[in-house]
Amino acid sequence: MLLQQLINGIALGSTYALIALGYTMVYGIIALINFAHGEIFMAGAFVGLFMVTILKLNIFVAMAGAMVFCMVMGVVIEQIAYRPLRKSSRLSALISAIGVSIFLSTLALMVFGADAKGYPDNAFPVRQIKLFGAEISTLQLLIIGVSAALMLGLEFIVQKTKTGKAMRATSEDYNTAALMGINVNRIISFTFALGSALAAAGGVLVGLLFNAVSFNMGLMAGLKAFSAAVLGGIGSIPGAMLGGLLLGVAEVFGVAAGFSSYRDAIAFAILVLVLLVKPTGLLGQKIQKKV
């Protein structure tokens, strides 16, 4: 039973981590809290659903299509809603992010309606596997496997590629990176695209896990993922991964302990407790002011 709950928590936490990575990367580069990120997650879930139900595509092809769509969407949002305000006050950018979030959720409501939609049963064959006395579903293994592969891929890009080196340089000092010849606008757009792709994959996986895709699904998932990013240390990629996994496991064990009515509050309670002890998060460091 304990192992089964742990696997449930890791699967859920993996989706939180995918979304949290988008928050933490954008903050690490330009110190912006992209509150529209939850709606990109929602858009990815709907695009994946459309490709599976209408275009009859394989779930993996649908996930890849959703990731590409949301990459473009993330870049467009950055260029239209955030780039013109980059030298303005933080409050201006924050209001713009909230406005984009409301616009996207309202647009989804108008297009898809208020009722939740579900993936077809044949979208992914779900079977139960016995492991050390615990029943684990192939869907949970899919979520953990895909999330792990994407997070490892992200770590490779950031640590081992030329673009990743430019991302780290921009995160360290925006102005100095520009003086050294780095195209910071391209790097920022790439960061938005990368984070949006991960959020889209998370949206498809969550849609499969709960068999529900709705216009407002990005709100709570986005808040929890943001909490995961802050818990791990905003701006820290390993921190976002750790924070997401911890929140997912804590939420599942909290529900199993009989606190199902408070499942959405568990993440925020843990966040407050950790920040009281370590204000920068578990793996976070003080980030210099971006200009």
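Three helices, α1 (2-30), α2 (37-53) and α8 (184-210), each put at least two residues into the lining of the largest cavity; helices here are DSSP runs (H or I, at least four residues) numbered from the N terminus. The biggest share comes from α8, with four residues. The model is a predicted one, in which local features need pLDDT of at least 70 and side-chain atom pairs count only at pLDDT 80 or more, while totals for chains, interfaces and linings use all residues. Residue numbers start from 1 along each chain as its sequence is written, and side-chain values rest on heavy atoms, with hydrogens and water left out.

Searching the whole structure turns up one cavity of 30 Å³ or more, a cavity being a set of points on a 1 Å grid over the protein atoms alone where a 1.4 Å probe fits but cannot get out. The largest cavity holds about 30 Å³ of space, volume being the space filled by probe spheres set on the points, which are joined across faces, edges and corners. Its lining (residues with an atom within 4 Å of a point) is made up of G22, V26, N34, H37, I40, T191, F192, G195 and S196. Of these, three are nonpolar, six polar and none charged, with Gly counted as polar.

Helix α1 also meets α6 (residues 162-172): their axes, lines fitted to C-alpha atoms over the stretch in contact, come within 6 Å and cross at roughly 60°. M25, G28 and I29 of α1 touch M167, T170 and S171 of α6, contact meaning heavy atoms within 4.5 Å. This set splits into three nonpolar, three polar and no charged residues.

How values were computed
1 Å grid on protein atoms, 1.4 Å probe; cavity = no way out; pocket = protein on both sides within 12 Å on 5 of 7 lines; lining within 4 Å. Axes fitted to C-alpha atoms, helices over the stretch in contact; angles between N-to-C directions.
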